[in-house]
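Here's a walk through the fold, one piece at a time. Keep the viewer open and follow along.

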Amino acid sequence: MRILVTGGAGFIGSHLIDRLMEQGHEVLCLDNFFTGRKENVLHWWGSPNFELIRHDITEPIRLEADQIYHLACPASPIHYQYNPVKTIKTNVMGTLNMLGLAKRIKARFLLASTSEVYGDPTVHPQTETYWGNVNPIGIRSCYDEGKRVAETLSFDYHRQNGVDIRVARIFNTYGPRMLENDGRVVSNFIAQALRGIPLTVYGSGDQTRSFCYVSDLVEGLMRLMNGDFIGPVNLGNPEEYTILELAQSVQAQINPEAEISFKPLPQDDPQRRRPNIERAQHHLHWQPTVPLAEGLRMTIQDFQARVTPAGPATPNPAVLMTS
């Protein structure tokens, strides 16, 4: 098939493209390189089945494809809060443009939504029937509410125009090619430990997250795209860890003597986050297979090749989140 991946040069997008290329598909990678990197897809340059297009999805584009994986949007707090108006334009106008394209060319459309649609949840673990607890005017709203609108648009295009959609709600995902300065908790801890500086834990560290290795996530996305279930469906690892436990796991693999520094909790930071994946298990026959210790080992190996004590400065701790 001919497959378009928006945000294809990003962390998840590039791993998805690897799988699609290995299966022999013709792949169009669309990215404006705000957070994506050409290096992530450099190994496919020169292949007759791969095309890289620099484009901002807030502007319309005409292409031909059988499937559209719509992943384009800054996903880490430090990046989506850098230009919040641009973030919500990407989620709303960009999704409108991609849905319009899918309608015109009759392509199947998969939206990469997020667990952030649940906000700071009052239901635990989170099921797809939960409507969420989101602050509509907070510093995270450009992303949280933007993705909620993207889901609304997807289902409205499906009901009104017959667009063949799939909606995935992605929980915390980690692995090689994460940006070392994106402020996410896994990359933050690994980069800090490798640089020999204290690991920054916000609040008491008792807030929880679930961490899914990127290969597991990509498998879930592909099963959703190629199956009959529309969604929304949670894709994430249901094993729950406190942020402090994650810091200690990184400590154990890199530097057991590394210090841990506690800082105030940022605004609207969710206290608990864990997916109920019964829908994914039932409809997609999918569940994660990579344990956290193994996934961290592979991620750390990738970071060791890129991060040194003299490497890029870490982001401003005042704007880091535990997402």
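**A guided look around**

Just after α1, G24 takes a positive phi of about 90 degrees. Helices here are DSSP runs of H or I with at least four residues, strands are runs of E with at least two, and both are numbered from the N terminus. Before going on, note that this is a predicted model, where local features need pLDDT of at least 70, side-chain atom pairs count only at pLDDT 80 or more, and totals for chains, interfaces and linings use all residues. Residues are numbered from 1 along each chain as its sequence is written, and side-chain values use heavy atoms, with hydrogens and water left out.

Back to helix α1, residues 11–22. The expected span of a helix is 1.5 Å times one less than its number of residues, so the 12 residues of α1 should span 16 Å, and the 17 Å between its end C-alpha atoms agrees with that. Most of α1 is covered, with 10 of its 12 residues buried. Buried means under 20% relative accessible area, exposed means over 50%, and partly exposed is in between (1.4 Å probe, protein chains only). Among the buried ones are F11, L16 and M21.

Now for the sheet. Seven strands make an open, parallel sheet in the order β3-β2-β1-β4-β5-β6-β11; two strands pair if DSSP finds at least two bridges between them. At the edges sit β3 (50–54) and β11 (233–235), each pairing on one side only. Strands β4 (residues 67–70) and β5 (residues 108–114) pair in the parallel sense over four bridges, and Y69 has L110 in β5 as its bridge partner. Helix α3 (residues 84–105) packs on the sheet and touches β1, β2, β4, β5 and β6, with its direction at about 170 degrees to that of β4. Contact means heavy atoms within 4.5 Å, while angles run from 0 to 180 degrees between N-to-C directions, using axes fitted to C-alpha atoms, for helices over the stretch in contact. Helix α4 (residues 141–161) also packs on the sheet, touching β5 and β6.

Where is Q126 found? In the loop between β5 and α4. Q126 counts as buried because its relative accessibility is 0%. Leaving out residues up to four places away in sequence, its contacts include Y118, F171 and R273.

Finally, find A247 in helix α7 (residues 243–254). A247 is buried too, with a relative accessible area of 0%. Setting aside neighbours within four places in sequence, A247 is in contact with F189, L199, V201 and I260.
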